[in-house]
Amino acid sequence: MSVQPKISVIVPVYNTEKYLSKCLDSILNQTLKEIEVIVVNDGSKDDSQEIIDEFVSKDSRLVSIQKENGGLSDARNAGIDKAKGEFIAFVDSDDYIDLAMLEKMYELAERDESEIVLCDLVKVNENGKEFRDLPQSPQLPEKIILSDDFTIFGEMSCFACNKIFKKALFENHRFRNGIHFEDIELIPKLVLDSSIISKINEPFYKYFERQNSISKTHTEKGLDMFVAVNEVTNYFYQSKYNTFATELKRFQIIQGYYSYLAYLAYVKDKNLKRKMLNVLNDFLKANNLTKKELKNYIRFDRNYLNSLPLKKRIFYHLAMIYPQLLLKF
């Protein structure tokens with residue numbers, strides 16, 4: 001492509017032949033045509049590459065990279081290294097996107113001169129039926145000047161896939177290899193390097209949740225969440241937003257407490273769960289996070305705990321009052 005693409009879309013692929021065509025169709029049929037699509041085959045053992053090759057033969061905007069399996073971060077980084085676009089987007093190969101997503105988000109980036117633009121997500125099942133909205137700070141305006149309002153830092157979901165990023169943000173950053181929750185480790189850092197974020201509260205990103213994904217046994221890799229949160233905490237204190245201490249605490253609460261406990265709920269091994277609870281307790285003490293602060297955490301202008309379904313509310317109340325009881329579940 002002789003003209004610089006407006007957006008480089010990076011699609012990591014690993015054994016997703018069943019979903020890949022739908023994903024690539026949704027990207028290549030975008031109303032924004034000035035894009036490049038970098039598909040990184042991360043050592044797939046199925047017929048994913050045959051599907052990629054077929055798309056390459058039909059559309060010159062698609063670039064194929066084949067590499068040995070190195071994990072999601074490694075695949076995304078390989079795409080970043082090749083990207084030529086003004087902005088970078090990430091789409092997981094079992095998901096798909098609304099046909100107007102990239103154009104609408106790029107228009108906002110141009111209008112607001114923003115470094116990051118984000119949209120809402122919606123979970124879809126195997127049949128493409130939407131079943132759960134994932135809104136992103138709906139109470140905030142479309143254009144957010146972070147020096148005036150840093151609220152979003154303490155409540156946003158750290159997905160890479162529902163955002164476009166100015167390519168310049170990646171000059172000093174890559175996804176960290178070898179850890180789970182690489183999005184939590186990187187995306188807040190990119191926010192800390194930004195001045196303006198734009199958002200559009202439309203569920204452009206279709207996030208596919210497989211029926212068996214929630215029931216999978218969770219492992220000690222859950223501790224990587226604290227690796228990610230601690231990395232962001234250190235980076236926060238070096239940033240130009242280091243006076244927004246309340247928002248840092250809110251970030252630590254949503255990611256290091258609520259998200260961590262949601263993961264911990266599916267850990268089956270009792271000894272491992274006990275160890276992970278002890279690490280959580282150490283994290284709370286190290287960051288001076290009190291039960292009152294956990295209970296009173298506000299997200300989207302309302303109390304987060306009270307907004308949850310009853311079953312989840314009971315679970316989190318139990319965790320606050322007597323966390324060792326969680327070992328019985």
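**Reading the model**

Modeller: We may begin with a single side chain: E142 is partly exposed, because its relative accessible area is 37%. Please keep in mind throughout that this is a predicted model.

Colleague: With which residue does E142 form a salt bridge?

Modeller: The general idea is that a side-chain nitrogen of Lys or Arg must lie within 4 Å of a carboxyl oxygen of Asp or Glu. Here the partner of E142 is R111, and the closest N and O atoms are 3.1 Å apart. E142 belongs to the loop between β7 (130-134) and β8 (143-145), while R111 belongs to helix α4 (residues 101-112), so the bridge ties together parts that are 31 residues apart in sequence.

Colleague: How many salt bridges does a search of the whole structure find?

Modeller: The search finds 22 salt bridges. One of them joins the side chains of D42 and K67, at 2.6 Å from N to O.

Colleague: Are D42 and K67 buried or exposed?

Modeller: The cut-off to apply is that buried means under 20% relative accessible area. D42 counts as buried because its relative accessibility is 4%. K67, at 19%, also counts as buried.

Colleague: Where do the two residues of the bridge between K275 and E220 lie?

Modeller: K275 is in helix α8 (residues 270-286), and E220 is in the loop between β10 and α6 (224-238); the pair links distant parts of the chain, 55 residues apart. Their side chains meet at 2.1 Å, N to O. K275 is partly exposed, with a relative accessible area of 39%, and E220 counts as partly exposed at 38%. Salt bridges may also be read as a network, as with R176, E185, K189 and E231, which are linked in this way.

Colleague: Let us turn to the cysteines. How many disulfides does a search of the whole structure find?

Modeller: For a disulfide, one looks for two cysteine sulfur atoms within 2.5 Å. The search finds zero disulfides. For C23, the nearest cysteine sulfur is that of C161, 11 Å away. For C158, the nearest cysteine sulfur is again that of C161, at 12 Å. C23 counts as buried because its relative accessibility is 0%, and C158 is buried at 8%.

Colleague: How many aromatic pairs does the structure hold?

Modeller: The structure holds 23 aromatic pairs. Each is read from the distance between ring centres and the angle between planes. The rings of Y297 and Y304 have centres 5.7 Å apart and planes at 75°, so this pair is edge-to-face. Both Y297 and Y304 are buried. F315 and Y316 also form an edge-to-face pair, at 5.3 Å centre to centre with 70° between the planes. Y316 counts as buried because its relative accessibility is 5%.

Colleague: Which ring does the charged end of K22 sit over?

Modeller: The charged end of K22 sits over the ring of Y96, 4.1 Å from its centre. Likewise, R76 lies over the face of F175, at 4.8 Å from the ring centre.

Colleague: Finally, where is S194 found, and is S194 buried or exposed?

Modeller: S194 is in the loop between α5 (182-192) and β10 (196-208). S194 counts as buried because its relative accessibility is 0%. Leaving aside neighbours within four places in sequence, S194 is in contact with E115, I116, L146, L169, K240 and Y241. By contrast, T246, in helix α7, is exposed, with a relative accessible area of 56%.

Methods
Residues are numbered from 1 along each chain as its sequence is written. This is a predicted model: local features need pLDDT of at least 70, side-chain atom pairs count only at pLDDT 80 or more; totals for chains, interfaces and linings use all residues. Side-chain values use heavy atoms; hydrogens and water are left out. Helices (H or I, at least four residues) and strands (E, at least two) are DSSP runs, numbered from the N terminus. Buried means under 20% relative accessible area, exposed over 50%, partly exposed in between (1.4 Å probe, protein chains only). Contact means heavy atoms within 4.5 Å. Rings of Phe, Tyr and Trp (its six-membered ring) pair if their centres lie within 6.5 Å; planes under 30 degrees apart count as stacked, over 60 as edge-to-face and the rest as tilted. A charge sits over a ring if NZ of Lys or CZ of Arg is within 6 Å of the ring centre and within 35 degrees of the ring normal.
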